[in-house]
Amino acid sequence: MRTRRVSPHFPQDQTAACPRRRNAEPTMAQLVGPLRKELADSLSSCRVLVVGAGGIGCELLKNLVLAGFKNIEVIDLDTIDVSNLNRQFLFQKKHVGKSKAQVAKESVLRFCPSANITAYHDSIMNPDYNVEFFRNFQLVMNALDNRAARNHVNRMCLAADIPLIESGTAGYLGQVTVIKKGQTECYECQPKPTQKTFPGCTIRNTPSEPIHCIVWAKYLFNQLFGEEDADQEVSPDTADPEAAWNPADAAARATASDQDGDIKRVSTKEWARSTGYDPVKLFNKLFKDDIMYLLTMDKLWKKRKAPLPLDWTEIQQIESSQEEACGTGLKDQHVLGVQGYAQLFRRSVETLRSQLIEKGEGAELVWDKDDPPAMDFVTAAANLRMNVFSMNMKSRFDVKSMAGNIIPAIATTNAVIAGLIVLEALKILNSDFDQCRTIFLNKQPNPRKKLLVPCALDHPNPNCYVCTSKPEVTVKLNVHKTIVQALQDKILKEKFGMVAPDVQIEDGKGTILISSEEGETEANNNKFLSDFGIRNGSRLQVDDFLQDYTLLVNVIHSEELEKDVEFEVVGDAPDKAPAPSAPEEEKNIANGNKDSAQPSTSSKAAEDDDVLLVDSDEEPSSSTMEASPESSNRKRKHCDADTDDAASKRKRLDQQPADDDDDVIALD
């Protein structure tokens, strides 16, 4: 008998996936049988937008073409990194440095050449992808790894009135939910905890918060003294998609060092060993040479403050009187100066080098926050990087409290979640929206032996500052200390997720405070709000035309904000929800991450839910939470019956922190 070799990554016979008839258009066969003809036809004609081509996105694109979807558009700003290859199976080593969206398209077409797939190597937040663009689709599916993009897609789908299927993973945990204007909670209906996961290019190139520098310092420890991990690279990311919008430029950057002359790439650890772990050479490479290289990636600094390199010799010339530690109380609570952290860096490197020598050739150290030299190293390296990027430095106590564990991306979790996304899509196209669910994937079976727990979708929050008919928020700030630039960047863009806001003061004159048109109001940026007559009780009309979104901001002047707090959102939106007439749970809409994205549910569930593989009835979230300690950080909703006991458990759970999503670094 003759046998045939089969590729492990693609169908054994492409004609099985897309059987061809002579002089006939190729057709899908896998799932046409189980589906009604009307639904199969809907899949074939439906236009779908997939946002993200990473861990979930790769699995999702494969599932879509094999299910019968023929018209797919996919967008992703990122390029392929070596660390992606262990779970993003559409990519191979030869693709490193290339556009994820484009390569994913080419790979998926091998499953079904008849599919019509369009790939965009771009940011979904680009103004080109406006409301009219979104209206071209019947479904939008998110496979993202950051909250800003999730917020944006949520608003665009609301404006275009297109169903959105949101998803995300965190280690073994995952989640899928459906968002429909006027029928369900939107992604922003509930306040989110502070994001705790970060894309790799943020860690390596553009840190903006102390936690970014702390994660970088922990990675640096492993790269120098511990077990090297491709996911924990600390050198500048030469293929940063934001630095090179042209895919060819990104690919060229990724391979440049292997092609230029006799340059040979070596790992951080190999280079450090070649210097004998010289603290001064390490210092100048990490905080001077690498930073100067980052400055050559000028696109990164058009809208950001550029980093300032540090030089060891210059730092040693700083007078000790300028380097007095600030802070009171215990020694660990003091914040040193740059020279103090430079000396701490030198001492910790020397100590860790000695520990390596004692352990012998090939030895590795393991980072432990309770190991003084290791903690000293991370504290020093993190604070020096904070100084480079113009952040306020932190005490050893603060750094230790912020450092946490890493949650890995799991390929199996991505595969399960991608499958659930398609099942929810089938319900929508089959006009069975009332059967759509939020589905949670747990790490361990709950007491009812379930790993997958579906919960009914919640109705929109009437006080959401995004999807309500007249969005309105109240912000407390000091009008004499808050400048217009801070209002734009930290409040409107960072807090409220706007892209290009225009702000008009309701003062009877229609004064334009901020304009999205370049150059129109730049002269206002460094002026205080009070300079424009803004005071307690003032109202600002904010419009983002890209998102088709209008927000009314009520200003409360306060001179009693906590230290280092620039503003507060009163109630931190939504604040004015009426008390429920029956016991009802607090919720947190989901993006598939433990941090902010848990979609909530409360209404009655379906008797026969095709996504529930273990059992068909639905599960109260309190049982789910008890089943797995890891999942206890997720706020989950009751599905059928709410009990007083379950509600009390929910209250306890709602006070716990959370993490983030797919393909990113997560910290406790």
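Q: What covers the buried residues of α2?
A: The cover includes α3 and α16. Contact here means heavy atoms within 4.5 Å, and buried means under 20% relative accessible area, exposed over 50% and partly exposed in between, with a 1.4 Å probe and protein chains only. Helices (H or I, at least four residues) and strands (E, at least two) are DSSP runs, numbered from the N terminus.

Q: What kind of model is this, and which pLDDT do local features need?
A: This is a predicted model, in which local features need pLDDT of at least 70, side-chain atom pairs count only at pLDDT 80 or more, and totals for chains, interfaces and linings use all residues. Residues are numbered from 1 along each chain as its sequence is written, and side-chain values use heavy atoms, with hydrogens and water left out.

Q: Returning to α2, which residues are buried?
A: In α2, residues 37–45, the buried residues are Leu39, Ala40 and Leu43. They span an arc of only 100° around the axis, which puts them on the same side of α2. The arc is that of the directions from the helix axis to the C-beta atoms.

Q: And on the other side of α2, which residues are exposed?
A: Lys37 and Glu38 are exposed there.

Q: What about α4: which residues are buried?
A: In α4, residues 100–109, the buried residues are Lys100, Ala101, Val103, Ala104, Ser107 and Val108. Viewed down the axis of α4, they fall within an arc of 165°, so they line one face of the helix. Their cover includes α3 (55–67), β2 (71–75) and β3 (116–120).

Q: Why might such residues point the same way?
A: An α-helix has 3.6 residues a turn, so residues three or four places apart point the same way.

Q: Moving to strands, how many residues of β1 are buried?
A: Four of the five residues of β1 (residues 47–51) are buried, so this strand is largely enclosed by the rest of the structure. Five bridges join β1 to β2, and the two run parallel; strands pair if DSSP finds at least two bridges between them. The chain passes from β1 through α3 to β2 in a right-handed β-α-β crossover. Right-handed means that, with the strands pointing away from the viewer, the path from the first strand over the helix to the second runs clockwise.

Q: Over how many bridges do β1 and β4 pair?
A: β1 pairs with β4 (residues 139–142) over four bridges, in the parallel sense. The bridge partner of Val51 in β4 is Asn142, while in β2 Val51 stands opposite Ile75.

Q: Changing topic, where is Ser431 found?
A: Ser431 is in the loop between α16 and β8. At 64% relative accessibility, Ser431 counts as exposed, and its phi is near 60°, a positive value in a residue other than glycine.

Q: Where is the place of Gln435?
A: Gln435 lies in the loop between α16 (411–429) and β8 (437–441). Gln435 counts as partly exposed, at 27% relative accessibility. Gln435 and Leu457 are 22 residues apart in sequence and 9.3 Å apart in space, C-alpha to C-alpha.

Q: What pLDDT does the chain average?
A: The average is 77, and 73% of the residues score at least 70; pLDDT is the predictor's confidence in each residue, from 0 to 100. Over residues 1–24 the pLDDT is below 50, and this stretch has 30 contacts in the model beyond near neighbours in sequence.
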